[in-house]
Amino acid sequence: MADIKKSLNSKQIIFLLFILLIPILFAIGASAVEGWAQVFDDSFISYRYAKNLAMGHGLVWNVGEAPTEGYTNILLVLFLAPFIKAGVDPLFVTRIASYLSALLMSAILYWTARKRFHASALGAGIIASLLLFLSQTRHLCLVGLETVIYALFLLASFVVGIEFLSSKTSKHSVVFSILIILTMLLRPEAALLYVAALLVYLIVARTESNLEVKPLFWGMVCILGLGLGYLLWKWFYFGSLLPNPFYIKAGTGGSFVKTSGAESVIGFYKEKWIYLLLLYPAWRICKRDQSASGKVGEISLILGGFFAGLYSLLFLHTDTL
């Protein structure tokens, strides 16, 4: 029986390589050849800040002027500065980093399906490959912005957040908090995932009548310590806590719901309607499954639902241009 199982696993691996991996590589290669010459103006805003930083002028838009925060992805700016200093094209570096991020996201999905939900190698491979088959993924890898890199950090934070909510340990709370801070340095709205996790933590703790304060305490120490330190630096360096794009995209005046924001949110859910249909049966399956994987699945759905809801509210108030 062991030999048969081993043989089946080998066949599954070969099947994955030839049926999944090769078409993915062809699709990625074809999209790269087709779209490599195209450029996206917004990405060069970050590159300009990274160039001025690399040349020793600081985080400024124009050399000789006061520092300005005309970006929302300081981690990308800091990451690119040494490459620019070495004479490497930042668009090329960001594209390569985006492709690697997409591959790492697929690896995380494969690991989660195998280890957390006990999927077969074939099933986990199909789940992991879906991300790479999406045309949006291949397009966003070429844009040159932090989008795909941010998605990787966000997914890693989500997975560790599930571990924290399932185990309720201080270690997972601290790692989750640090990952959230790093993800926020790519896009500030990643803070919504931490808010969603706190809400889910309180719900789970109330359901199980087991509220562990210590993990929350150490997680908040990391968030507040690192977050406040960063905000203080921003205040003294820029003289402001909010980046310039905030005033353009969100601002403070007018109604809460922005027209373009509402169109973006509605359009997104129209495009992803199939996932909404799958939520209820997935919920029912997780509710019936009393094993560890069933509880993890239930927590994942709750956390994902809260996060998607908060994100939607944010974008309703955002002029998505």
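**Note on the predicted all-residue model**

1. Buried residues (under 20% relative accessible area with a 1.4 Å probe, protein chains only; exposed is over 50%, partly exposed in between) account for 40% of the 321 residues in the protein chain. This is a predicted model, in which local features need pLDDT of at least 70 and side-chain atom pairs count only at pLDDT 80 or more, while totals for chains, interfaces and linings use all residues. Residues are numbered from 1 along each chain as its sequence is written, and side-chain values use heavy atoms, with hydrogens and water left out.

2. The protein chain contains 14 helices and zero strands; these are DSSP runs numbered from the N terminus (helices H or I, at least four residues; strands E, at least two). Its radius of gyration is 22 Å, close to the 20 Å that the globule rule gives for 321 residues, so the chain is as compact as a globular protein of that length. The radius is taken over C-alpha atoms, and the rule is 2.2 Å times the number of residues to the power 0.38. The C-alpha trace spans about 75 × 50 × 40 Å along its principal axes.

3. The largest nonpolar core has 46 residues, among which Phe176 and Leu303 touch the most other members. Such a core is a set of buried Ala, Val, Leu, Ile, Met, Phe, Trp, Tyr and Cys residues joined through side-chain atoms within 4.5 Å. Helix 9 gives the most to this core, with eight residues. Leaving aside residues up to four places away in sequence, Leu303 is in contact (heavy atoms within 4.5 Å) with Phe158, Ile162, Leu165, Leu193, Ala196, Ala197 and Val200. A second, separate core of 14 residues includes Tyr99, Val148, Leu155 and Val159.

4. On the surface, Leu224, Leu228, Leu231, Leu232, Trp235, Phe236, Leu241, Leu242 and Tyr247 form a nonpolar patch with about 930 Å² of accessible area together. Patch residues have over 30% relative accessible area and no salt bridge, and nonpolar side chains (Val, Leu, Ile, Met, Phe, Trp, Tyr) are joined within 5 Å. A salt bridge is a side-chain nitrogen of Lys or Arg within 4 Å of a carboxyl oxygen of Asp or Glu. Helix 10 (residues 213-238) supplies the largest share of the patch, six residues.

5. His118, in the loop between helix 4 and helix 5 (121-133), has a positive phi of about 55 degrees and is exposed, at 59% relative accessible area. Lys168, in the loop between helix 7 and helix 8, also has a positive phi of about 55 degrees, but counts as buried at 11% relative accessibility.

Conventions:
Patches are made of residues with over 30% relative accessible area and no salt bridge: like charges are joined within 9 Å, nonpolar side chains (Val, Leu, Ile, Met, Phe, Trp, Tyr) within 5 Å. Accessible areas come from the Shrake-Rupley method with a 1.4 Å probe; for residues, only the protein chains shown count as cover.
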